[in-house]
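Please look through the sequence and the model shown here before reading the briefing that follows.

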Amino acid sequence: MFEKSTWIRLPRNVVVGHGVRSEVVDVVDDLHLQGRPLFVTSPTPREVAADPIAADFEAAGIEPAIVTIEKATFDAVERVIEVAEAEGVSYLVGIGGGKAIDIAKLASHHLEMGFLSVPTAASHDGIVSNRGSVPDGDSRHSVAAEPPLAVVADTGILAEAPWELTTAGCADIISNYTAVMDWRLAQRLQDVEYSEYAAALSEMTAEILVDNADLIRPGLEESAWVVTKALMSSGVAMSIAGSSRPASGAEHLFSHQLDRLAPGAALHGHQVGVGSIMTAYLHQGADGIWRAIRDALASIDAPTTAAELGIDDETVIEALTTCHEIRDRYTILGSGMNERAARDVATKTGVID
Ligand SMILES: NC(=O)c1ccc[n+]([C@@H]2O[C@H](COP(=O)([O-])OP(=O)(O)OC[C@H]3O[C@@H](n4cnc5c(N)ncnc54)[C@H](O)[C@@H]3O)[C@@H](O)[C@H]2O)c1
Ligand SMILES: O=P(O)(O)OC[C@@H](O)CO
Ligand SMILES: [Zn+2]
């Protein structure tokens, strides 16, 4: 008897384009959401998007509550939950980069409320995903969370954001190549749950982005369009899989460990990109696609070395040798690299001198 079943939860409305920031009120209306929203944002996104969107809501007779968070932590999730309960809100709107959206996503899941995702940077593929990524002591959890009811991605805002945020988003997508290699390996060796559709969508998304690399240039609003669509497609792959596996393998473990060893040194996307160069080498050796990954990153101005990340060589080695402990996720790193092997891959790929 066939007893398999799955829930794939995706946004109902995806609104992308120039000036769509002013359509958030209409989207809320279309979703029949009643009552007050709580905006979850961080300082700069508050200025560029949350305050103007709040003014639109006020003009429509709705008084939003606003909470500003600085870091993605479980304490921040708690604080948002407390504010939501104190203010008597009925839904959340995450406005900002990956951290603000993750916090809104996790809080709305706990509160059993809907949430909208309003990215102000094309810097990460959590815009539509049903996962939240939060550090917790020595670990980094990928938590099942509420997917957004709707996404409103204003390409005008995204194109005006600092260019490195967009290149970080591109690198987060390019890293899908190695994430899928790790997923297939884990399926073969550990029989982990695997979806060919999600894997194919994730790889295709990376391929389309790389094929359109010449459209990805600073100051070009079309770049924000191309990158945002790829970020959403990658998020959908995660929602289909019910896991971040299609977009997160050993290169993400490396980045999560760098977040612990060198907090704030580099953007998430940039770190996973550099990690991906090295884990591609570990999968396929000198003749594999590591050079293509490095060249694709370089072509969109993303870092390809430790120096460009602003991280010293020894921290890269420490991250490589310890990051398999971050979470129980089988990857090419197996039960860990020793120092010589780590130095070898980092040197041969030019990540360290
Ligand atoms: N849940 C998921 O599926 C998923 C996927 C990818 C990444 N993530 C998580 O997202 C985080 C990375 O996201 P991130 O790189 O956006 O980090 P972030 O949220 O810290 O944003 C980076 C910086 O950009 C600023 N910023 C955002 N929009 C701006 C704008 N328009 N103008 C100027 N500054 C702006 C933010 O305030 C912040 O200082 C990590 O915690 C990562 O684990 C989650
Ligand atoms: O599950 P994690 O490793 O946080 O990954 C989510 C996201 O960063 C994938 O691009
Ligand atoms: Zn990522």
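Two residues are counted as in contact if their C-beta atoms, placed from the backbone, lie within 7 Å. This is a predicted model, in which local features need pLDDT of at least 70 and side-chain atom pairs count only at pLDDT 80 or more, while totals for chains, interfaces and linings use all residues. Residues are numbered from 1 along each chain as its sequence is written, and chains are lettered from A and ligands numbered from 1 in the order in which they are written.

**Around ligand 1**
- The shell around ligand 1 holds 32 residues, with Gly-97, Gly-98, His-124, Gly-126 and Ala-161 the closest; a residue is included if its C-beta atom, placed from the backbone, lies within 6 Å of the molecule.
- Ligand 1 lies between domain 1 (13–160) and domain 2 (163–348), because both give residues to its shell; the domain bounds come from an automatic or database domain assignment.

**Annotated positions**
- UniProt, in an unreviewed entry, places the feature "binding site" at Asp-172, His-252 and His-268; its positions follow the numbering used here, feature names are shortened, and annotations may be inferred rather than shown by experiment.
- These positions are spread over 97 residues of sequence, yet they cluster in space, with a largest C-alpha distance of 9.1 Å.

**The two histidines**
- His-252 is buried, since 30 other C-beta atoms lie within 10 Å, where buried means 20 or more such atoms, placed from the backbone, within 10 Å of the residue's own.
- Leaving aside neighbours within four places in sequence, His-252 is in contact with Ala-179 and Val-272.
- His-268 is also buried, with 26 other C-beta atoms within 10 Å, and, not counting residues up to four places away in sequence, His-268 touches Gly-98, His-124, Ala-168, Asp-172 and Ser-255.

How values were computed:
A residue is buried if 20 or more other C-beta atoms lie within 10 Å of its own, exposed if 12 or fewer, and partly exposed in between; C-beta atoms are placed from the backbone.
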